[in-house]
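Work through the exercises below with the structure in view. Try each task before reading its solution.

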Amino acid sequence: MERVFNFGAGPAVLPEAVLEQIRSGFPALPGVGMSVLEISHRSPAFDEILATAEANIRALARVPDDYRILFLQGGATLQFSMVPMNLLPVDGTADYLITGSWAAQAAREAEKFGSVRVAATTEAAGFRRLPTAAEIHVSPTTAYVHATTNNTIAGTQWPTLPAVGDRPLVVDASSDIFSRPIDVAGHGLIYAGAQKNLGPAGVTVVIIRDDLAERGPASLPKLLRYMTYVQGGSRPNTPPVFAVYVVSLVTAWLRDQGGLEAMAAGNERKAAKLYAAIDRTGFYRGVADPDSRSRMNVTFRLATPELEERFAREAEAADLAGLKGHRSVGGLRASIYNAFPEAGVDALTTFMGEFERQHG
Ligand SMILES: *Cc1c(COP(=O)(O)O)cnc(C)c1O
């Protein structure tokens, strides 16, 4: 069976070269004689997989020495809880930038653990844009500022990080991690569920500054405290071995493609082609304001929900899968993460032209 172009938002497309590598190392890893699904998480084979994944991430993002790279479970959603549990003191306040429904969920979860301040919100604008610098009011005493670097559902992406002064910036980078160069030192904590840009579902990558990892109170449940993973080398219990293995392969693939600068250039090119196709006539309408547009999730609409439905259906029949927008907002969404091939963007823009000729 031929592979189709997968525009799904997540779990999402993986590099074909990585899929081939998984297949060739299956059912017996070289030098091990067992598949990666069967090895012990305390074996030298997994020691090497974990060390490779970590070293690849450290090199790709030039992670400074005073940051730990951790592999956790529970998805980005568990980080919505772990961040405040570890970093928000009972009498403290945390600032949240509400730029989409994931950001709003993160803030709602934090409210269970302490006081949450909305430092900016674009909800009144339907999350179609990001706040301007003048709209962001960071409290000088906030424990941290939480932001979502790419808003997967609305299709917006911060072009540069919000200015937070000397406060620790905590970001949910689930849908754009390693899609462009990242200044790790400008952050206190970066987290990302792997299933969009890094690998399969089941592992969450956390990059955390040492002093923040130490903040979680010892009274927290063991697996909800960052320090447990720092001390236990990301395996206080059985980690998601297969998912970490795939992250080690995807991060090696990113390096072999030329690293984050090369990724950014490719992503920029793919997104520019797609937005040009959307903007060409009035038939398609981009959802996000042009200044806030995401390079990862390109959201657009047609005149009616019926026409959108038809677009998604006919696209699927033409091997362009997963273009339906998020169920909460409707419309159409093309997710074009790192591993998404440019040929797929070309196929979509061609299809868009044909669909417009038939229905315009
Ligand atoms: C997909 C997504 C999530 C949810 O991730 P899970 O791993 O399913 O918990 C959270 N935040 C953002 C920005 C996302 O894109």
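**Exercise 1.** Find what share of the contacts with a separation of 6 or more joins residues 24 or more positions apart.

Solution. This is a predicted model. In the protein chain, 66% of the contacts with a separation of 6 or more are between residues 24 or more positions apart.

**Exercise 2.** Decide whether the radius of gyration of the protein chain agrees with that of a compact globule.

Solution. Start from the length: for 360 residues, a compact globule would have a radius of gyration near 21 Å. Next, take the value for the protein chain, which is 21 Å, so the two agree. For the extent along the principal axes, the C-alpha atoms fill a box of roughly 60 × 55 × 30 Å. Finally, look at burial: 55% of the 360 residues are buried.

**Exercise 3.** Locate Asn297 and classify it as buried or exposed.

Solution. Asn297 is in strand 12, which covers residues 297-301. Its relative accessible area is 0%. Buried means under 20%, so Asn297 is buried.

**Exercise 4.** Identify the side chains with which the side chain of Asn297 makes polar contacts.

Solution. One partner is the side chain of Ser335, at 2.9 Å. Another is the side chain of Tyr337, at 3.0 Å.

Methods
Residues numbered from 1 in each chain as written. Predicted model: local features only at pLDDT ≥ 70, side-chain atom pairs only at ≥ 80, totals over all residues. Heavy atoms only, no water. Helix = DSSP H or I, 4+ residues; strand = E, 2+ residues; numbered from the N terminus. Buried < 20%, exposed > 50% of the residue type's maximum accessible area, 1.4 Å probe, protein only. Polar contact = N/O pair within 3.5 Å; in protein donor to acceptor, adjacent residues only side chain to side chain. Rg over C-alpha atoms; globule rule 2.2 N^0.38 Å. Contact = heavy atoms within 4.5 Å.
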